[in-house]
Amino acid sequence: MADLIEIKGIKSFGYHGVLESEKVTGQDFYVDVVLEVDLTRACVSDDVADTINYAEVTDLVVREITGDPVSLIEKLAGNIADRIKATYPQATTVSITVHKPQAPVNAQVKDISVTINR
């Protein structure tokens with residue numbers, strides 16, 4: 001199957017990180033979602049009930065970013081992937097990339113990200 005729903009750059013503010021300062025001051029996180037799902041029925045019916053509603057997925061991601069803090073973006077990505085899989089079992093594959101561009105590292109970087117596939 002090659003049908004995909006992609007949502008790129010969902011931005012929200014969260015308090016995730018290993019350092020205590022990250023849990024206090026917070027920072028922006030960006031999430032990309034790729035869902036593999038059979039869209040044949042939606043292509044025929046033109047009915048949102050026959051697909052995965054990307055507005056709902058976006059809201060779910062924002063709730064996870066703004067929810068309880070975790071130390072690792074690996075954990076955040078896994079939480080998002082697991083929640084999407086539980087909510088939308090018709091997604092055969094879920095790929096989540098969490099970007100943390102302001103990660104506290106000792107060099108200037110454009111981005112640090114983790115991708116989880118379920």
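Which residues of H3 are buried? Keep that in mind as the tour begins.

**Before you start.** This is a predicted model, where local features need pLDDT of at least 70, side-chain atom pairs count only at pLDDT 80 or more, and totals for chains, interfaces and linings use all residues. Residues are numbered from 1 along each chain as its sequence is written, and side-chain values use heavy atoms, leaving out hydrogens and water.

**Stop 1: helix H3.** Select residues 54-66. Helices (H or I, at least four residues) and strands (E, at least two) are DSSP runs, numbered from the N terminus. Val57, Leu60, Val61, Glu64 and Ile65 are buried here. Buried means under 20% relative accessible area, exposed over 50%, and partly exposed in between (1.4 Å probe, protein chains only). An α-helix has 3.6 residues a turn, so residues three or four places apart point the same way.

Now look at what covers them: S1, S2 and helix H4 (73-87) are included. Contact means heavy atoms within 4.5 Å.

**Stop 2: the start of H3.** Select Asn53, which caps the N-terminal end of H3. One of its side-chain oxygens lies 2.9 Å from the backbone nitrogen of Ala55.

**Stop 3: strand S2.** Select residues 27-36. Seven of the ten residues are buried. Strands pair if DSSP finds at least two bridges between them. S1 (residues 4-14) runs antiparallel to S2, joined by nine bridges. Find Ile10; its bridge partner in S2 is Val31. S3 (residues 93-99) is also antiparallel to S2, with seven bridges. There, Asp32 stands opposite Thr97.

**Stop 4: the core.** A nonpolar core is a set of buried Ala, Val, Leu, Ile, Met, Phe, Trp, Tyr and Cys residues joined through side-chain atoms within 4.5 Å. The largest one has 28 residues. Val31, Val33, Val57, Val61, Ile84, Ile96 and Val98 have the most contacts inside it. S1, S2, H3, H4, S3 and strand S4 (113-117) each give two or more residues to this core. H4 gives the most, with six.

Next, select Ile84. Leaving aside neighbours within four places in sequence, Ile84 is in contact with Val33, Leu35, Val57, Leu60, Val61, Val94 and Ile96.

**Last stop: Asp46.** Look in the loop between helix H2 (40-45) and H3. Is Asp46 buried or exposed? Asp46 is exposed, at 73% relative accessible area. Its phi is near 60 degrees, a positive value in a residue other than glycine.

Key
Expected span 1.5 Å × (residues − 1). Polar contact = N/O pair within 3.5 Å; in protein donor to acceptor, adjacent residues only side chain to side chain.
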